[in-house]
Amino acid sequence: MSLPHTLRASVTPPELELIACQQLVDIVPLIAMEKTAFISGAYGPLRPPHKARIPLWMAVTLKQKKKCHILAPEWLTVEYLQLKLTQETTQAEFTKLPFRFAELSRVMLDVASDDLQNPDKLRSLLQDLREARQAKARAGLENLEHSALGLSNLSAMEINEIRPFFIEAMAILGRLQPGA
Amino acid sequence: MTSDESYGALANQLVLQSKLSMDLGKLLPYDGPLVRSMLQEQKDLDRKVQQMEGNGVKVGHSSWPALVILVRVMHQNKRCLLAYHKQRLDLLQAAYWDAGGAVGHVLENQRGNMSYEEIRYLQGYGESVLIYREQVDPQDVMSLTMGVENPGRGPMVTVEVEICPGPIYTESGMVDFKPGRRYILRRADIEHLILQGYLREL
Amino acid sequence: MSSVASWEAEYLRSKESNATSAPSFSHRGLSAPLEDDLLIPDVQLGEPLPEETPLEQLTRHWMNERHAPDILPAQDVLLGSILDHIRRQSDTIQLLRGDPSTSEEEHIRIMLAQTEVERVQFVVRSYVRTRLYKIEKYARYIIANEDVQTRITTAERDFASRHANIMDRHFYSSVLQSLPESQAGLDDTPHFIMPPMVTEPETTRAVFAHALKRTIARTPEGKTIDLPKGSLTLLSYAAVADLVAAGEVELV
């Protein structure tokens with residue numbers, strides 16, 4: 001078949017990462033570059049030391065060649081994530097987080113941890129958030145009884161992780177209650 | 001000739017082969033003799049059924065349950081035969097795409113396991129994909145047969161040599177691959193070598 | 001042509017050739033669907049803007065196609081235009097590569113352009129292969145079903161037809177031609193003996209629907225489900241198939 005097995009029922013984390021890297025981030029460039037036409041749009045000019053806004057994939061490539069610093073987005077700070085974690089553990093609903101926060105934070109921590117404030121603390125907060133939200137998702141699975149389930153504020157990566165279980169559960173429900 | 005009690009045993013053997021092949025994730029040798037035995041069994045079953053119907057066996061007749069069983073075994077056999085062949089086709093198609101569309105490469109590795117019809121099928125499949133590609137992307141802009149599993153983070157990739165592919169021309173010049181050595185190269189230049197197993201991505 | 005002039009020409013060209021693509025730089029930051037929550041963390045998920053770049057559109061169609069159990073309407077115009085764009089960009093890159101006078105800054109620009117070309121190639125390739133996968137899987141169903149045929153390209157339909165042929169030929173030569181006449185067809189098993197082999201898309205399968213605008217889903221049984229803008233809902237694909245095709249809902 002023209003799609004390999006692993007891709008038939010789901011999307012892979014590297015693919016989610018590819019999509020997430022289309023998003024724009026702020027950088028401080030260390031080289032100059034004229035305004036340039038790329039397929040996804042026109043970026044630049046880069047005029048050190050002025051900030052610029054480019055896609056994350058571009059920032060990553062430049063960063064790997066030590067040609068820029070990546071500026072942390074407002075949500076990737078200890079203060080913000082701590083606040084979110086508190087909300088997450090004190091309310092039943094999922095807190096609002098950027099839809100692709102898992103992929104974005106992973107890429108930035110992998111490639112630009114020296115540009116981030118307290119990367120280890122960030123990693124641990126993100127891990128705590130992940131666990132708190134996973135527990136809620138599991139609870140949601142147990143409460144699956146309607147023909148439609150609202151899942152607002154779930155992130156892309158989380159949806160991908162629960163996907164097989166939820167699809168299976170819906171299929172079983174469908175067989176039990178046709179026309180529900 | 002199989003006795004009444006053992007009709008269906010051949011089908012079980014075939015199913016076991018399909019299961020084993022799926023568990024191992026690889027193509028096993030085509031079991032021509034088993035397939036032929038099952039096809040013969042089908043003919044025998046059909047003859048028996050015709051005979052019984054000719055003798056007036058129908059609903060209410062004492063031999064009706066026996067007839068129903070025979071018919072059921074026939075359908076089961078056919079289903080198993082088709083499933084066995086279909087499962088093998090799926091594996092061959094997967095091998096085709098894993099080899100980056102190189103039918104010759106797949107044949108080199110699998111010819112001994114394939115039936116004559118399967119070889120024909122693979123060649124037909126390869127031709128069909130080629131026709132499609134020529135219609136949709138004649139200048140090969142998207143590289144249809146390249147990998148879809150690994151978006152990668154950049155144009156470069158680190159590889160180690162598993163099997164020497166010999167000297168290869170790349171964007172940065174001629175590379176004379178030595179076994180066990182590592183190289184950092186443009187993915188686009190050597191992806192096909194990774195797909196075909198000469199190089200291993202790190 | 002000097003390298004700077006090459007890029008300039010390409011930039012101007014892409015600006016005029018496609019009015020909805022490559023919006024100006026500062027615009028871009030505000031115009032990414034699902035993404036403006038990067039700027040303002042509390043903004044609701046999914047404030048889609050009317051101007052999606054071609055690549056963003058293709059990405060959405062790609063994900064839709066991956067998640068949908070059925071084949072979605074073909075996007076061959078969009079695909080063709082992106083293929084063109086990739087080719088032109090590749091040509092520019094080749095040209096500049098061959099120029100011995102390029103500076104370090106230029107080298108980096110070329111490398112970035114090449115990186116992007118490979119990213120876009122990947123998305124295009126995966127999108128096309130996803131559709132091909134479904135076409136192979138449902139080949140016999142497609143050639144007998146006019147409704148599906150309206151959603152696929154001619155090349156895809158021809159592929160379906162060739163595929164059904166080589167499959168049929170294979171089963172015939174390997175199995176069917178040696179069976180007694182009464183069993184020689186592919187679909188002649190009565191359903192009370194055995195369920196039919198899977199040949200049709202299972203449209204009741206659940207999907208995760210992200211509403212790009214406020215809309216209403218309708219299940220085949222007639223039940224309506226309200227989908228507020230930006231909401232995420234798990235429900236049967238059949239209830240949102242039309243909405244996905246119309247761009248009101250995307251699958252995530």
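I number residues from 1 along each chain as its sequence is written, with chains lettered from A and ligands numbered from 1 in the order in which they are written. The model is predicted, with local features needing pLDDT of at least 70 and side-chain atom pairs counting only at pLDDT 80 or more, while totals for chains, interfaces and linings use all residues.

Helix pair. I took helices (H or I, at least four residues) and strands (E, at least two) as DSSP runs, numbered from the N terminus. In chain B, the axes of α4 (residues 103-110) and α5 (residues 116-136) come within 10 Å and cross at roughly 160°. Axes are lines fitted to C-alpha atoms, for helices over the stretch in contact, and angles run from 0 to 180 degrees between N-to-C directions. α4(B) and α5(B) are therefore roughly antiparallel (over 145 degrees).

I listed the contacts (C-beta atoms, placed from the backbone, within 7 Å). B:Val103, B:Val106 and B:Leu107 of α4(B) meet B:Ile119, B:Leu122, B:Gln123 and B:Gly126 of α5(B).

Sheet. I found an open antiparallel sheet of four strands, ordered β6(A)-β4(C)-β1(C)-β5(C). Pairing needs at least two DSSP bridges between two strands. β1(C) (residues 206-211) and β4(C) (residues 232-236) share five bridges. Helix α7 (residues 156-176) of chain A lies across β1 and β4 of chain C, at about 125° to β1(C).

Technical notes:
Angles under 35 degrees count as roughly parallel, over 145 as roughly antiparallel, 65 to 115 as roughly perpendicular and the rest as oblique. Two residues are in contact if their C-beta atoms, placed from the backbone, lie within 7 Å.
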